Amino acid sequence: MSDLSHYRNIGIFAHVDAGKTTTTERILKLTGKIHKTGEVHDGAATTDFMEQEQERGITIQSAATTCFWKDHRMNIIDTPGHVDFTVEVYRSLKVLDGGVGVFCGSGGVEPQSETNWRYANESEVSRIIFVNKLDRMGADFYRVVEQVKKVLAANPLVMTLPIGREDEFCGVVDVLTQKAYIWDDSGLPENYEVTDIPADMVDDAAAYREQLVEAAVEMDDDLMMAYMEGEEPSIDEIKRCIREGTRTLKFFPTYCGSAFKNKGIQLVLDAVIDYLPAPQEVDPQEITDEEGNPTGEKAIVSVDEPFRALAFKIMDDRFGALTFIRVYSGKIKKGDTILNAATGKTERVGRMVEMHANDRNEIETAQAGDIFACVGMKAVQTGHTLCDPNHPCTLEAMVFPDPVISIAVAPKDKAGVEKMGIAIGKMVAEDPSFRVETDEDSGETILKGMGELHLDIKVDILKRTYGVELTVGQPQVAYRETITMPVEDSYTHKKQSGGSGQFGKIDYRINPGEPGSGFQFTSSVVGGNVPKEFFPAIEKGFKVMMEEGPLAGFPVLDVAVELYDGAFHAVDSSAIAFELAAKGAFRQSMPKAGPQLIEPIMKVDVFTPEDNVGDVIGDLNRRRGMIKDQEPGPTGIRIKADVPLSEMFGYIGHLRTITSGRGQFSMEFSHYLPCPAQVAEKVIAAEKERKAAKANG
């Protein structure tokens, strides 16, 4: 099949427990891909195939599958909802053309929905909204629509209205066609009838249709003029306008239903085909050079262009390493040689497979718009561009967040050392937000991740999947250092040792940078007192030293160094002499610049029943939290706060105790802030003690 207009690459994303995976199961059943639906709560969902997913009832890694609906091919990716695995959502959104945002009818717009929505906005992905679980207690479609407007600042275009509330929910009204779809009690998705709208909903349905048509015709000036003169547009014209508005993110068609009870899914599938863009309708990806700067060219989605693709996920399974690839242009077939633009090396395409969760079908070719997996690629990592060797290019690379928490692990026996090394190598390739370092002094292996659950699952995978028993240390916070005062200083590096010596003199200013600016180096030297060819060496000298700050050896953030003068010697000056001068300058001046310890602050979102609000807020205050907002909901209160990560370890257990097991929370990294003096003193003393113990050990 090569007609690109019949392709839809979509992702399903939402907060934990809004029903993404159940919705995916229903779509697979309706499209004939599976014959028996598996339930998440039974641990039998198709796309949740990891042991850890089945036990915890959450999705950890995105799963890909392909199905067909009304002659259209859909490549679907079911993504995780838990905040510790947002990297999976982020990289999936990068390669999709459209998405379905699932919201819980009673929970509404929850913290993770906000994060995913923000990622989708950044990636400019067209979306439709599905308000799920309308059969639940406290479910209210109209409230969720208001929340989408208020919390996400988005414009929902209501396409269906629910018939009946909570356990009496039995169907939906299609606003566009003004027909009612009513399902019977058998629970079978195909058992529905299309009837007239219930009498008590006729006025509402007419009002919503008027809003819908008004929003749609704004996409076409001629239609709008005709409509204002009293001419009613045809359904096909309205659909064309809705499609354009969805593609340009002007509004988001909004549907309702209950995936678990099989109600309302067909209309969502129709909407995917009617309103979400085909691959060639999406604004093409920018092509960048090796430094990541746009070249002005675009990766036009077409079968006739040279081959360009992005590797967006690596997964290791029982058959070897799988590389998930989204093809943007051109064709590829088994046996072709392709270029990895990131490494400059070519690879031969071995086995190609179409994925259905963890089953696969062998394929011979793939083309623009396809998502497939390739078995046995050697040096490909997430975010690498694969292209035709005669037409090298780089697609916009993915940027992943830095980890904020680390733990030290050690295998319990000698046999585990090698096993652990191999396993961790595979896991790092799979998950770019998971990093590993070896502490050179102690030989400990340090795992770094996005949160406690993230690392907890990694340790669990090491144990079960790879059979490595580990001893796990206490979680450590990723503290950083910065400076508070500007310093102007001078440093001369001079060394005479027979033959040619070393000489480099630099005059420089060190200033506190803007929060989040990292390390910046500028030069305002005039008159050639320091030749330009030595600037990179001076910058490198300072940059290398930023890895270990003067207080406790934590990396230094947000510092701007300006080189404004210096001197050189025609014979004795060299790049290495100026690099050493910069290193000496760092050691000399940083302690004078008011060094300060800064700690990661997390954006924490707590859901609690009303009775426990006082206790929860009191507890967050004790944890040095800053309460930002409180939002009443139908079943409780959401409290938003900024809390230091160091105070949040083991919080879930404590929250459950205070709220009798009904509280929930999620958190993600927000920014760094200075540590209070008494906290900083403790951290610095503990770090120095740790280093001294290592040195003596």
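Which residues of α6 are buried? They are A205, R209, L212, V213, A215, A216 and V217, where buried means under 20% relative accessible area, exposed over 50% and partly exposed in between, with a 1.4 Å probe and protein chains only.

## Basis of the model

This is a predicted model, in which local features need pLDDT of at least 70 and side-chain atom pairs count only at pLDDT 80 or more, while totals for chains, interfaces and linings use all residues. Residues are numbered from 1 along each chain as its sequence is written, and side-chain values use heavy atoms, with hydrogens and water left out.

## Helix α6

Helix α6 covers residues 202-217, which is 16 residues. Helices (H or I, at least four residues) and strands (E, at least two) are DSSP runs numbered from the N terminus. From first C-alpha to last, α6 reaches 23 Å, close to the 22 Å expected at 1.5 Å a residue; the expected span is 1.5 Å times one less than the number of residues.

Contact here means heavy atoms within 4.5 Å.

## Salt bridges

Side chains of opposite charge can pair when their charged atoms come close. The whole structure has 25 salt bridges, each defined as a side-chain nitrogen of Lys or Arg within 4 Å of a carboxyl oxygen of Asp or Glu. One of them joins K149 and E146 at 3.3 Å, N to O. Both residues belong to helix α5 (residues 141-152) and sit three residues apart, about one turn of the helix. An α-helix has 3.6 residues a turn, so residues three or four places apart point the same way. K149 is partly exposed at 39% relative accessible area, and E146 is partly exposed at 45%.

R209, one of the buried residues of α6, forms a salt bridge with E232 at 2.8 Å, N to O. Because R209 lies in helix α6 and E232 in the loop between α7 and α8, the pair ties together parts that are 23 residues apart in sequence. R209 has 17% relative accessibility and counts as buried, whereas E232 is partly exposed at 49%. A further salt bridge, 3.3 Å from N to O, connects D274 with K239. This pair links distant parts of the chain, with D274 in helix α9 (residues 265-275) and K239 in helix α8, 35 residues apart. D274 is partly exposed, with a relative accessible area of 25%, and K239 is partly exposed at 28%. Elsewhere, salt bridges that share partners join E488, R509 and E562 into one network.

## Aromatic pairs and charges over rings

The structure holds 10 aromatic pairs. Rings of Phe, Tyr and Trp (its six-membered ring) pair if their centres lie within 6.5 Å, and planes under 30 degrees apart count as stacked, over 60 as edge-to-face and the rest as tilted. Y142 and Y208 make a tilted pair, 6.2 Å centre to centre with 35° between the planes. Y142 is in helix α5 and Y208 in helix α6, so this pair ties together parts 66 residues apart in sequence. Y142 counts as partly exposed, at 32% relative accessibility. The rings of F534 and F578 have centres 4.9 Å apart and planes at 25°, so they are stacked. F534 lies in the loop between β33 (519-523) and α12 (535-545), and F578 lies in helix α13 (residues 575-589), 44 residues apart. Both F534 and F578 are buried.

Ring pairs also link F103, W117 and F252 into a cluster. R127 lies over the face of W117, 4.3 Å from the ring centre; a charge sits over a ring if NZ of Lys or CZ of Arg is within 6 Å of the ring centre and within 35 degrees of the ring normal. R509, a member of the salt-bridge network with E488 and E562, lies over the face of Y564 at 4.0 Å from the ring centre.

## Cysteines and T385

A search of the whole structure finds zero disulfides, a disulfide being a pair of cysteine sulfur atoms within 2.5 Å. C170 is partly exposed, with a relative accessible area of 24%, while C374 is buried at 1%.

T385 lies in strand β23 (residues 385-387) and counts as buried at 2% relative accessibility. Leaving aside neighbours within four places in sequence, T385 is in contact with A309, L310, L339, N340, A341, A342, C393, T394 and L395.
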